[in-house]
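Dear colleague,

Please find below the structure that I promised to hand over, with the sequence alongside.

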Amino acid sequence: MSKNQTITGVVKIVRKGGFLPLPNDPKNEVFIPTDYTWPAFSGDTVEVILIGDKTPEGKPIARVIKVIARGQTRLVGTIIKEGQNFFLNPNNERLPRFQLAITNLKNLKPKIDYKALAIFKDWLNKDELPVAELEALLGPAGEHEAEMQAIIAGHGIVYDFPPLVEAEA
């Protein structure tokens, strides 16, 4: 493996950075320092470029250069408010520990301490928060029904059916 070589794969991001299994040797992996993971989320398919350095353990070090496919775009979390802005703290701990700005394109009124479903939109600048559109309010955080809805929504299971389908049931 040489400097400037590119590798594609699914990245796993943890607190200290990211790891990408090597295509021909999945037991070994490339290390991606935290500063080099942007704009990837854990589970994304990314392209990385080797920068020529190695970790003390001998792992090649790389930098994300492109997100090819998002591993997750449906985000479930709890709404908080800071100043005049609303944010979503994701339930999925594999996502980086930052908040997602919520745009209000569906005319839903965000409610503080509510579980919500949001759809990832973009993350254009490393120094700014990623943006997600508020899709649905699931209920007050900590309430049994809302927590169940959050688990279901977080796994991509459809829990809301059209009226015609519900009438048939």
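The link from strand 3 to strand 4 is a hairpin of two residues.

Before going further, please keep in mind that this is a predicted model, in which local features need pLDDT of at least 70 and side-chain atom pairs count only at pLDDT 80 or more, while totals for chains, interfaces and linings use all residues. Residues are numbered from 1 along each chain as its sequence is written, and side-chain values use heavy atoms, with hydrogens and water left out.

Overall, the protein chain has two helices and eleven strands, and from the N terminus on the order is β-β-β-β-β-β-β-β-β-β-β-α-α. The C-alpha trace spans about 60 × 40 × 25 Å along its principal axes. Of the 169 residues, 37% are buried, that is, under 20% relative accessible area, with exposed meaning over 50% and partly exposed in between (1.4 Å probe, protein chains only).

The largest nonpolar core has 13 residues, and Ile7, Val11, Leu20, Val30, Ile32, Val46 and Val48 are those with the most contacts inside it; such a core is a set of buried Ala, Val, Leu, Ile, Met, Phe, Trp, Tyr and Cys residues joined through side-chain atoms within 4.5 Å. Two or more residues of this core come from each of strand 3 (17–22), strand 4 (25–33), strand 5 (45–54) and strand 6 (60–69), and strand 5 gives the largest share, three residues. Leaving aside neighbours within four places in sequence, the contacts of Val30 include Met1, Ile7, Gly18, Leu50 and Ile61, contact meaning heavy atoms within 4.5 Å. A second, separate core of ten residues includes Leu88, Ala116, Ala118 and Trp123.

The structure also holds four aromatic pairs, which are rings of Phe, Tyr and Trp (its six-membered ring) with centres within 6.5 Å, called stacked if the planes are under 30 degrees apart, edge-to-face if over 60, and tilted otherwise. The rings of Trp38 and Trp123 are edge-to-face, because their planes stand at 85 degrees, with the centres 6.2 Å apart. Trp38 lies in the loop between strand 4 and strand 5 and Trp123 in the loop between strand 10 (114–122) and strand 11 (131–140), so this pair ties together parts that are 85 residues apart in sequence. Trp38 counts as partly exposed at 27% relative accessibility, whereas Trp123, at 13%, counts as buried. Phe41 and Phe120 likewise form an edge-to-face pair, with centres 5.1 Å apart and planes at 85 degrees, and both residues are buried. Trp38, Phe41, Phe120 and Trp123 form one aromatic cluster.

Finally, the second largest pocket has a volume of about 220 Å³. Among its eleven lining residues, Gln72, Asn91, Asn92, Gly154 and His155 are the closest to its centre. Helix 1 (144–154) supplies the largest share of this lining, three residues. A pocket here is an open set of points on a 1 Å grid over the protein atoms alone, where a 1.4 Å probe fits, with protein on both sides within 12 Å along at least five of seven lines, and lining residues have an atom within 4 Å of a point; the volume is the space filled by probe spheres set on the points.

With best regards

Methods: Helix = DSSP H or I, 4+ residues; strand = E, 2+ residues; numbered from the N terminus. Pairing = 2+ DSSP bridges.
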